[in-house]
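Hi,

Here is the structure I said I'd pass on.

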Amino acid sequence: MAAGDPLLVLDKVNKRFGGLRVIVDLDFQVNEEEIVGMIGPNGAGKTTVFNLITSIYKLDSGSIKFRGREIAGLPPHKICHLGIARTYQLVRAFLKMSVHDNVMTAAVYGGAHELSSKERTLSALELVQLESKRDVIAAHLTLSDRRLLEIAMGLASMPSLILLDEPMAGLTATEIDNLFTVIRATKEERKFSILWIEHKVDAVLDFCDRVGVLDYGAKIADACPDEVACDPKVIEAYLGEPPT
Ligand SMILES: Nc1ncnc2c1ncn2[C@@H]1O[C@H](COP(=O)(O)OP(=O)(O)OP(=O)(O)O)[C@@H](O)[C@H]1O
Ligand SMILES: [Mg+2]
């Protein structure tokens with residue numbers, strides 16, 4: 001597979017909860033080595049898209065293909081083994097376990113690879129710069145370090161696509177800068193693709209190759225950041241007019 005080839009392809013995906021249509025005929029694509037942002041108002045369906053991709057929720061209709069293979073309906077661990085990792089809007093580490101043991105657990109869950117679980121754990125800890133905190137219990141980490149830990153847990157399964165759900169929420173400007181540095185360096189080293197949900201729009205527009213915008217579960221824009229930033233539909237639904 002070469003950079004730019006289709007990696008993840010959602011085709012006419014629909015999901016309802018009771019009478020509420022949460023995802024509506026969604027077509028969406030992430031290519032190899034691409035960084036794609038997903039933005040939209042609260043409740044637009046962004047996290048639900050991640051839950052559908054990772055099989056936490058079952059879609060009602062449509063298709064989700066990863067490297068050309070249908071993955072809708074596969075169990076979550078199979079999807080992880082195929083190469084999709086994610087982080088959660090509310091961090092989900094094993095709070096009573098050490099940083100090292102959290103990442104090791106994720107490495108083992110990630111299935112068999114050329115590198116052993118131990119090697120993958122050490123590499124992930126190094127990439128997010130948490131080696132010096134490897135013995136710290138997760139509950140004692142700052143929010144910023146917990147987010148790095150979650151990313152390390154994702155990296156431990158050697159993904160070709162990582163789904164980040166608001167990794168910057170609640171962080172200070174300095175912590176955000178650090179997270180950016182870590183993600184950039186890691187992406188440089190590992191060459192994966194990123195699908196990134198974020199409300200910090202400036203960061204998304206700055207960092208992503210392409211940005212999709214959801215509103216009431218439907219895609220209202222999907223283009224390069226400059227185009228999305230001045231799209232009247234996106235301004236009306238989400239961004240608002242820039243100050244004059
Ligand atoms: N398990 C569920 N059962 C019922 N409704 C749900 C469920 N999960 C999500 N929803 C609803 O689906 C809609 C989309 O929610 P989702 O969490 O995907 O939004 P979001 O775009 O991630 O929002 P935010 O930016 O606030 O995180 C909301 O109306 C939400 O209440
Ligand atoms: Mg969400």
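Two strands are said to pair here if DSSP finds at least two bridges between them. Helices (H or I, at least four residues) and strands (E, at least two) are DSSP runs, numbered from the N terminus. Bear in mind that this is a predicted model: local features need pLDDT of at least 70, side-chain atom pairs count only at pLDDT 80 or more, and totals for chains, interfaces and linings use all residues. Residues are numbered from 1 along each chain as its sequence is written, and chains are lettered from A and ligands numbered from 1 in the order in which they are written.

Strand pairing first. Strand 4 (residues 61–66) and strand 5 (residues 69–70) pair antiparallel over 2 bridges, with Phe66 bridged to Arg69 in strand 5. Their hairpin has 2 residues between the strands, and Arg67 has a positive phi there, near 50°. Strand 4 also pairs with strand 1 (residues 6–17), again in the antiparallel sense, over 5 bridges; Leu10 sits opposite Ile64 of strand 4.

Strand 9 has a partner on either count: 4 bridges join it to strand 3 in parallel, and 5 bridges join it to strand 10 in the antiparallel sense. Gly212 of strand 9 is the bridge partner of Met38, and Gly212 is also bridged to Asp222 in strand 10. A residue counts as buried if 20 or more other C-beta atoms lie within 10 Å of its own, exposed if 12 or fewer, and partly exposed in between, with C-beta atoms placed from the backbone. By that count 5 of the 6 residues of strand 9 are buried, so the strand is largely enclosed by the rest of the structure.

Most residues other than glycine have a negative phi. Tyr216 is partly exposed, with 16 other C-beta atoms within 10 Å. Glu33 also has a positive phi, near 65°, in the loop between strand 2 (20–31) and strand 3 (35–39). It has 19 other C-beta atoms within 10 Å, so Glu33 is partly exposed.

On to the helices. Helix 4 (residues 117–127) buries Ser117, Arg120, Thr121, Ala124, Leu125 and Leu127. Seen down the helix axis, these fall within an arc of 160° (taken from the directions from the axis to the C-beta atoms), so they line one face of helix 4. They pack against helix 3 (99–109), helix 5 (143–155) and helix 6 (173–190), where contact means C-beta atoms, placed from the backbone, within 7 Å.

In helix 3 the buried residues are Val99, Asn102, Val103, Met104, Ala106 and Ala107, and their cover includes helix 4 and helix 5. Helix 3 is followed by Gly111, which has a positive phi near 85°. In the loop between helix 3 and helix 4 you'll find His113, partly exposed with 14 other C-beta atoms within 10 Å. His113 touches Arg120 and Met158, not counting residues up to four places away in sequence. His113 and Met158 are 45 residues apart along the chain, yet their C-alpha atoms are separated by 8.1 Å.

As for the interior, a nonpolar core here is a set of buried Ala, Val, Leu, Ile, Met, Phe, Trp, Tyr and Cys residues joined through C-beta atoms within 7 Å. The largest has 43 residues, of which Leu161 and Trp196 touch the most other members. Strand 2 gives the largest share of this core, 5 residues. A second, separate core of 21 residues includes Val91, Val99, Ala124 and Ala156.

Cheers

Note on methods:
Contact = placed C-beta atoms within 7 Å.
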